[in-house]
Amino acid sequence: METGGDELSDPYPLDYFARRPLIGNVRVSPDGAHLALMKIPSRKGDPIIEVYDATDLGKPPIRMNADPMEITRFRWVSDTDILFDLRQQVRKQIEGFNRGTYEYKLGLVNVETHKLKSFEEYGIFLEHRLPNKPNKIIVSLFEGGDEGPRARVSQAFRPRSYHELDLKRGTKKLLIRGTWAVGNITFDGNGNPWLARGYDYGKRELIWYWRPPGSKDWKEFRREHQDEFEFYPFNVVGIDPEQPGHALVVARNGHDTLGLWSYNLAGKMFSEAIYRRADVDIGGAVGHTNPWQHPYTATGLWYITDKTHIEFFDTAEEALQRQVEGLVPHAHDIEILSRARDGATMVIHNAGPRDPGTYYLVKDGRLTLIGGRQPLLEYERLANVEFVSYEARDGTRIPAYVTIPHGEPPFPLVVMPHGGPFARDYGGYDEWAQMLANNGYLVVQPQYRGSTGFGIRLQRAAFAGGSQQGYKMQDDKDDAATHLVGLGLADPDRIAMYGWSYGGYAALVAASRTPQIYQCVIAGAAVADPVMQINYYRWELQGAVRDRHVKFDELGIKPVEDVDDVNVPILLVHGDVDQRVPLDHAKKYLKRLDEYGKSYKYVELEGADHFTNTLFYDHKIKLYESIVEYLAEDCGPGGL
């Protein structure tokens, strides 16, 4: 394992990491005449949209904002129209679990007339840009509100109505209305409904339907019990371009890892395996880089190990990808984000551990740098990330990402478990890991048992022999530290844990462990009482899924009950409007710390929700300063 190279004299100011991305969401218009991007021009500012002349990026752009609402994303829907998502923080208190302080809506702006329209309908979504129908798009709306017993079913299976929206007139025409039996409809490249999902509420089964070409009748081709879907998903990700009447499906089909399969819709069976790996799951299909000419066309598949890898079954798209990879400096994860109708104008995005994201424009045969998401952060001063695996104490193989600072080992180590726990980390730029590495810390992100993306055995190991929450799942995190100590990379007397959400839970568990390998822990948005957490959403779960998750939380370690065993200092951080892990968790745990006279510091982030996209500059600078100061001064005797 390579170290990060020569030691840097001074780390970056934490301000550099706390800033929200300068630019993002860069896209060219379908005709290639305009380039639009989102920009946050100041530390505490909200995003604006800038629209440039794509033939001359030096010309002053058109600027648009949505004050008092915040633009979170946009899409070109015609040569001159941009559809954007908006949100606004309208409450100072959450309204209950998963009911946060924001409200959302869609907006539409014409870049030539500057006319602005907003859509107030509940749950409106863009479904299809209808490239063959200029100035028309398909939008969907939830049917009814979000109350009642059927609201317990995932939004993915709730019925929606689908409308053709005329961008010039602002009028809507109903195309098709979903029902509980046949709802959540997907359209093909020409805007014809071809795929639908339904939910049999009595049998608790998820149902898939398709429409054969030329037919208006829905044909059922797959049923799955809700209890099985968690571990054995079946996801249709496109139409098989090679076999008529077949769909591209991501599924296990009897294997440990998810693969990409061709599925015979009329025959209701898997036809052939297109691609599968033994080490990691397939993430899904890759769409054509020119969706205006080839809408909803799959050209390959992707999976993630050290980076995102693409396996193409379209040779022209593969050749273009390889050509682009050869043009961009420090190419890592290269993506053609946006491409004009003529195919010649495109936006390229590169990202990697040492590149938070850089955008380039290809126009008239020339490659032009547009800019970076975090231009103050230089490639040479960020840290390498290596994808490794290690053996846990019971022999289970655990993948991990290791961010290696500049300098010579052994380094002080921060174990940083991801949230979820049924989630995973990736091999690209991680702001927290890079911020810590820039301040001299080795960072390991273990993909402990329960993590997704590495096969069903590793995921289900979180439940093997009962809940492993706080037990073998915790061993995996400690064993990552032991592994790095054994390699000579980490100093055994300078180890800490930092995590957020479930990662914060793991940090609280670590604080009470014996034997103790950590000098301190930092717990952000931590689940302190798993039983209280499961009670927030117990009503949403049914059958085996309910039993499994209830037992997982009830039988696992409960940090709030182990405070008397805490044997290292703790930094506790929580947002005061956290809707996913409400502030009551922190209050309950703090009360117990005081009862037992334990050493801790507490930082509350005013106006911060649970999710990273609700952590603004003030939140992040306070968080990062608290972390770095705590590790240096309060983490064990003399600091880490």
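Mentor: Let's start with a term: a polar contact is a pair of N or O atoms within 3.5 Å; within protein, one must be able to donate a hydrogen and the other to accept it, and residues adjacent in sequence count only if both atoms are side-chain atoms. Keep in mind that this is a predicted model, where local features need pLDDT of at least 70 and side-chain atom pairs need pLDDT 80 or more, while totals for chains, interfaces and linings use all residues. Residues are numbered from 1 along each chain as its sequence is written, and side-chain values use heavy atoms, with hydrogens and water left out.

Trainee: What makes Glu50 and Arg63 a polar contact?

Mentor: Their side chains come to 2.7 Å, and the limit is 3.5 Å, so the pair qualifies. Glu50 also has a side-chain polar contact with Tyr52, at 2.5 Å.

Trainee: How do you know whether Glu50 is buried or exposed?

Mentor: Buried means under 20% relative accessible area, exposed over 50%, and partly exposed in between (1.4 Å probe, protein chains only). Glu50 has 1% relative accessibility, so it counts as buried. Contact means heavy atoms within 4.5 Å, and leaving aside neighbours within four places in sequence, Glu50 has contacts that include Leu35, Leu37, Pro61 and Ile62.

Trainee: Which strand holds Glu50?

Mentor: Glu50 lies in strand E3. Helices (H or I, at least four residues) and strands (E, at least two) are DSSP runs, numbered from the N terminus.

Trainee: What makes E3 and E4 a pair?

Mentor: Two strands pair if DSSP finds at least two bridges between them. E3 (residues 48-53) and E4 have three, in the antiparallel sense, so they pass.

Trainee: How many bridges join E17 to E18?

Mentor: Five, between residues 234-239 and residues 246-251, running antiparallel. In that hairpin six residues sit between the strands, and Gly245 takes a positive phi near 80 degrees.

Trainee: Why is the link of Cys520 and Cys635 called a disulfide?

Mentor: The cut-off is a pair of cysteine sulfur atoms within 2.5 Å. The angle about the S-S bond is -95 degrees, and the link is left-handed.

Trainee: What makes a group of residues a nonpolar core?

Mentor: The members are buried Ala, Val, Leu, Ile, Met, Phe, Trp, Tyr and Cys residues joined through side-chain atoms within 4.5 Å. In this model the largest such core has 64 residues, and Leu413, Leu442 and Tyr589 have the most contacts inside it. Helix H7 (residues 502-511) gives the most to this core, with eight residues. Another core, of 36 residues, lies apart from it and includes Tyr12, Leu14, Ala18 and Val414.
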